[in-house]
Amino acid sequence: MSWPRPIVRGATTSLCRRTILRKAFLAPWHPLVTQTWLYALADAQRHTQVAVHSTTLVINHHHTHVTPTSENLPDFTQRVHEDVSKGLNVLLLDQGFDRPRQIWDQRSTHQMRLLDAASQASDVLYGVLNCVAAGLVASPSEIPGWTFDFGLWKQGALVVERPPIYFGKKRPRQLALHFEPPPELYGAFGGDIDRLIHHMRSLQRTAIGAIRRERRGKPVLGATRLRSIHAYNEPASPNELDGYTPSFKVGAAGLTGRQVRARAHAERRRFRSAHACARHDHRHGKPTTFPYGTYKMRVEHNAPVGDPAHDALYLAPGKTLADVKTDLASKKVELDLSRSVVSAVRSAFKDEAEEVVRAEGIELTGSVADDEPIRRAPCTTKRGSGFEPGPAPRRLVTLRDLPTIRRPTGTDPPT
């Protein structure tokens, strides 16, 4: 069963979505892959005014952190993923590949609300360093093409040229993709953007060191091999199983953290129960009001939605960066939480580095030796080559390039 997800204004959210069959469509196999992604983000931001905090492409999925300035996050994600899917299909066809038609897998975008400054700092850092934990590069700066840097929070905007594929001339030739720090994290540092960037870079270096120690000297793939990845390649590691996916994250530790998580879990259960009851009444023609955070029924069916509870946490409207700046200017935020945030994030990465490396490690097809027990290396072949894998049973991966001989345009298909 797919549970409804609440959509509220100002909810800083971690977004993640994977490609179909875990294919490496988002790898830097062509420079236009990253350019298409960034332009799609900028265009969606232009239409929805969603604030973007960071974004990272990791071979077959992305990590992006945003804060919606209104209750329209699904509109933003739909625009981004549709443009990228159509654009990469055109690029694959143009480069001689068979197009998959659908870039993304059947699962919806994973959305996880970040409820406090520590969770915002740790999850943004986790997304930026995902390529390092996966064993692709030794540092995010080594990713071919463009990579996110915390300095963009001060620089403000990245100018993206319109890719020469898919995006027509009706769209702007250049778009500015604006980056800004997560609101609660910005407020925790009292609005001192230079100090925030300094500490985030310091945390990044600490986390990279912890990841390297857990990898125990195992070599990374490297920028050169990343550029040569076949678009239809896939990880040789076993597929992840569908299981529990968190809908919120709390950075606070100890008793405070446990209390906040308990409140958030209780609110989520009440929202789902109230939504189910309201949907039942709506189907039977009874007047009803859906709980605050309902999106689809409000947008598609103009259903009435209630107000947030006065003591809400998980379902409470969050603060945008403009709201936090207003609070700082009026001195409503007086407590400097930067030290506790930095300490919590540093401790969490030291404790969880082994788990992160184990969960995010990517072994591409052909990169695992035959004598390794986790999974035998696959044989790769071109489609239609008639290749026989031999007596030893191994996984056979067919790289789907288009055939060199095509049916002439205008000829009738065989009857």
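**Notes on the sheet and its helix packing**

1. Let me start with strand E3: 7 of its 7 residues are buried, so E3 is largely enclosed by the rest of the structure. Both faces of the strand are covered. His61, His63, His65 and Thr67 lie on one side, with His62, Thr64 and Val66 on the other, and all of them are buried. Please keep in mind throughout that this is a predicted model.

2. Of its 415 residues, 48% count as buried. Among contacts between residues at least 6 apart in sequence, 73% join residues at least 24 apart.

3. Where does E3 sit in its sheet? The sheet is open, has 5 strands in the order E2-E3-E1-E4-E7, and its pairing is mixed. Strand E2 (51-57) and strand E7 (248-249) are at the edges with a single partner strand each, so one side of each has no neighbour in the sheet. Helix H2 (residues 73-94) packs on this sheet and touches strand E1 (13-18), E2, E3 and strand E4 (110-114). The direction of H2 makes about 35° with that of E1.

4. Now for the partners of E3. Leu57 stands opposite His62 of E3, and Ser54 stands opposite His65 of E3. E1 and E3 are also antiparallel, with 6 bridges between them; in that pair, Thr13 has Val66 of E3 as its bridge partner.

5. As for E2, is the strand mostly covered or mostly open? It is mostly covered, with 7 of its 7 residues buried.

6. The axes of helix H1 (residues 31-48) and H2 come within 9 Å and cross at roughly 150°. With angles over 145 degrees counted as roughly antiparallel, that makes H1 roughly antiparallel to H2. The crossing of H1 and H2 is right-handed. On the H1 side the contact is made by Leu32, Val33, Thr36, Trp37, Ala40, Leu41, Asp43, Ala44, Gln45, His47 and Thr48. On the H2 side it is made by Asp75, Phe76, Arg79, Val80, Asp83, Val84, Gly87, Leu88 and Leu91. By class, the residues of the contact between H1 and H2 are 11 nonpolar, 5 polar and 4 charged.

7. Turning to helix H12 (residues 338-360), its axis and that of helix H3 (residues 117-128) come within 10 Å, crossing at roughly 40°. H3 and H12 are therefore oblique to each other, and their crossing is right-handed. H3 contributes Ala117, Ala118, Ala121, Ser122, Leu125 and Tyr126 to the contact, while H12 contributes Val341, Ala344, Val345, Phe349, Val356 and Glu360. How many residues of each class does the contact of H3 with H12 have? There are 10 nonpolar, 1 polar and 1 charged.

8. H12 packs with helix H7 (residues 193-215) too: their axes come within 9 Å and cross at roughly 20°. That angle makes H7 roughly parallel to H12. H7 passes H12 in a right-handed crossing. From H7, the residues that meet H12 are Arg195, His199, Ser202, Leu203, Thr206, Ala207, Ala210, Ile211, Glu214 and Arg215. Their counterparts in H12 are Ser338, Val342, Val345, Arg346, Phe349, Lys350, Ala353, Glu354 and Val357. The contact of H7 with H12 divides into 9 nonpolar, 4 polar and 6 charged residues.

Notes. Residues are numbered from 1 along each chain as its sequence is written. This is a predicted model: local features need pLDDT of at least 70, side-chain atom pairs count only at pLDDT 80 or more; totals for chains, interfaces and linings use all residues. Side-chain values use heavy atoms; hydrogens and water are left out. Two strands pair if DSSP finds at least two bridges between them. Helices (H or I, at least four residues) and strands (E, at least two) are DSSP runs, numbered from the N terminus. Contact means heavy atoms within 4.5 Å. Axes are lines fitted to C-alpha atoms, for helices over the stretch in contact, and angles run from 0 to 180 degrees between N-to-C directions. Angles under 35 degrees count as roughly parallel, over 145 as roughly antiparallel, 65 to 115 as roughly perpendicular and the rest as oblique. A crossing is left-handed if the near helix is turned anticlockwise from the far one by less than a right angle, and right-handed if clockwise. Ala, Val, Leu, Ile, Met, Phe, Trp, Tyr, Cys and Pro count as nonpolar, Asp, Glu, Lys and Arg as charged, and the others, Gly among them, as polar. Buried means under 20% relative accessible area, exposed over 50%, partly exposed in between (1.4 Å probe, protein chains only).
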